[in-house]
Amino acid sequence: MSASQTPPATAVPGDDVPTLLVKIFGKDRPGITAGLFDTLAAYSVDVVDIEQVVTRGRIVLCALVTTPTGSASNGATEGDLRATVHSWADSLHLQAEIISGTGDNRPRGVGRSHVTVLGHPLTAESTSAIAAAITATGGNIDRIFRLAKYPVTAVEFAVSGTPTDTLRTALATEAAVLGVDIAVSASGLQRRAQRLVVMDVDSTLIQDEVIELFAAHAGCEKEVAEVTAAAMRGELDFEQSLHARVELLAGLDASVVERVRKEVRLTPGARTLVRTLKRLGYQVGVVSGGFTQVTDALQDELGLDFASANTLEIVDGKLTGKVTGDIVDRAGKARLLRSFAQQAGVPLAQTVAIGDGANDLDMLNTAGLGVAFNAKPVVREAAHTAVNVPFLDTVLYLLGITREEVEAADTMAD
């Protein structure tokens, strides 16, 4: 086809082109959308924009269309269109409103973000405060929709007109005051790209601290728990605390490994999180300051793509009280995240890290999105966002994945 034969691009109404906003309200039923546009088709109008939402069986349907010019063969005018649409709506016991104007929608402001809010419950008071905080930053709420109604209420605000970092800082303060979880991420294609999700294990993927499970069999659980808590708060050097705790396990029979594996309890929602991510094409890994004797079993059980942890030394069927190889500490977790991303072919900007302790901070800050999961205060303050409900699969909503998509993924073949 020559240049002279190239079909013209579809015309976009300019600011001075007359348009009509047709709004329909009422009880939802099949055929309303088709019926409205069948009615409009008689007037040869162009569709500029459409929005439709159904809430508790009530429909709000908005159509932005060009205004009839009266130059068509049937001589139809705006007045004719208005009369016909109102007559059609009345016949279905619907309400109609038609507003004259010019041009398309106002362009969205620069700086576009997704604000995900998790409430358990989500109150009107907290929703009001969040909306006011968005407005105070200069942002405009372009759209709101619900992602999930259980195990938490999750809604997403599409916001424009303010930088993502500015919005994240303002809403972090509101989240702490209101007791809700708020995540802010930049809009764009990378949010929809396949990602790599890397999790801590102890008190994140699982409910337990593995070293404490070993310590219970050695009769030193209290001593180990005290050191673990101090390390997770950032009060002790992780590597030193690890060696001190592992020394207390010296002499344990290696058969304790299998018993500990059976005692491990996955965090509620952990299976759903991993299963859904895998079925949607994500790659998933774990890094742990715990032990490969447990993480290897979790990798097999959950089908994880990557796993790395410390290794307890076992000689002649006994734990020696030492670990072998490089220590997976705070810096090591960040290093492993980079390594996993490189192996997965995923840019760091498209990685997600989840953790709860101070030794997760470097990893959380290295990832494109760092999620503090039921974390210590020092971690919540430093992470991109925090989740403070006991369901690990709520992280899916921070990625823009709806509950319906989670359930649909469950119907997909493995």
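Student: How many nonpolar, polar and charged residues are in the lining of the second largest pocket?

Tutor: The lining has 11 nonpolar, five polar and four charged residues. Ala, Val, Leu, Ile, Met, Phe, Trp, Tyr, Cys and Pro count as nonpolar; Asp, Glu, Lys and Arg count as charged; the others, Gly among them, are polar. A word on the model: it is predicted, local features need pLDDT of at least 70, side-chain atom pairs count only at pLDDT 80 or more, and totals for chains, interfaces and linings use all residues. Residues are numbered from 1 along each chain as its sequence is written, and side-chain values use heavy atoms, with hydrogens and water left out.

Student: What counts as a pocket, then?

Tutor: Take a 1 Å grid over the protein atoms alone. A pocket is an open set of points with protein on both sides within 12 Å along at least five of seven lines; a cavity is a set where a 1.4 Å probe fits but cannot get out. Lining residues have an atom within 4 Å of a point.

Student: How much space lies in the second largest pocket?

Tutor: About 390 Å³. That volume is the space filled by probe spheres set on the grid points, which are joined across faces, edges and corners.

Student: Which residues lie nearest its centre?

Tutor: Ala 172, Ala 175, Ala 176, Arg 380 and Ala 386, out of 20 lining residues.

Student: And which elements give two or more residues to that lining?

Tutor: Helix 4 (164–178), strand 8 (181–186), helix 13 (377–382) and strand 15 (385–387). Helix 4 gives the largest share, six residues. Helices (H or I, at least four residues) and strands (E, at least two) are DSSP runs, numbered from the N terminus.

Student: New topic. What is the strand order in the open sheet of seven strands?

Tutor: The order is 12-11-10-9-13-14-15, with mixed pairing. Two strands pair if DSSP finds at least two bridges between them.

Student: Why is one side of strand 12 and of strand 15 left without a neighbour?

Tutor: Strand 12 (318–324) and strand 15 stand at the edges, and each has a single partner strand, so one side of each has no neighbour in the sheet.

Student: Do strands 10 and 11 run parallel or antiparallel?

Tutor: Parallel. Four bridges join strand 10 (residues 283–291) to strand 11 (residues 306–315). Val 286 stands opposite Ala 307 in strand 11.

Student: What about strand 1 and strand 4, parallel or antiparallel?

Tutor: Antiparallel. Strand 1 (residues 18–27) and strand 4 (residues 95–102) pair over eight bridges. Strand 1 also pairs with strand 3 (residues 58–66), again antiparallel, over nine bridges. Thr 19 faces Gly 101 in strand 4, and its bridge partner in strand 3 is Thr 66.

Student: Is Cys 220 buried or exposed?

Tutor: Cys 220 is buried, because its relative accessible area is 5%. Buried means under 20%, exposed over 50%, partly exposed in between (1.4 Å probe, protein chains only). Cys 62, at 19%, counts as buried too.

Student: Where is Asn 359?

Tutor: Asn 359 is in the loop between strand 13 (351–355) and helix 12 (361–366). At 6% relative accessible area, Asn 359 is buried. Its C-alpha atom is 8.8 Å from that of Arg 233, 126 residues apart along the chain.

Student: Last one. Which residues of helix 5 are buried?

Tutor: In helix 5 (residues 210–218), they are Val 210, Ile 211, Glu 212, Leu 213, Phe 214 and Ala 215. Just after helix 5, Gly 219 takes a positive phi of about 75 degrees.
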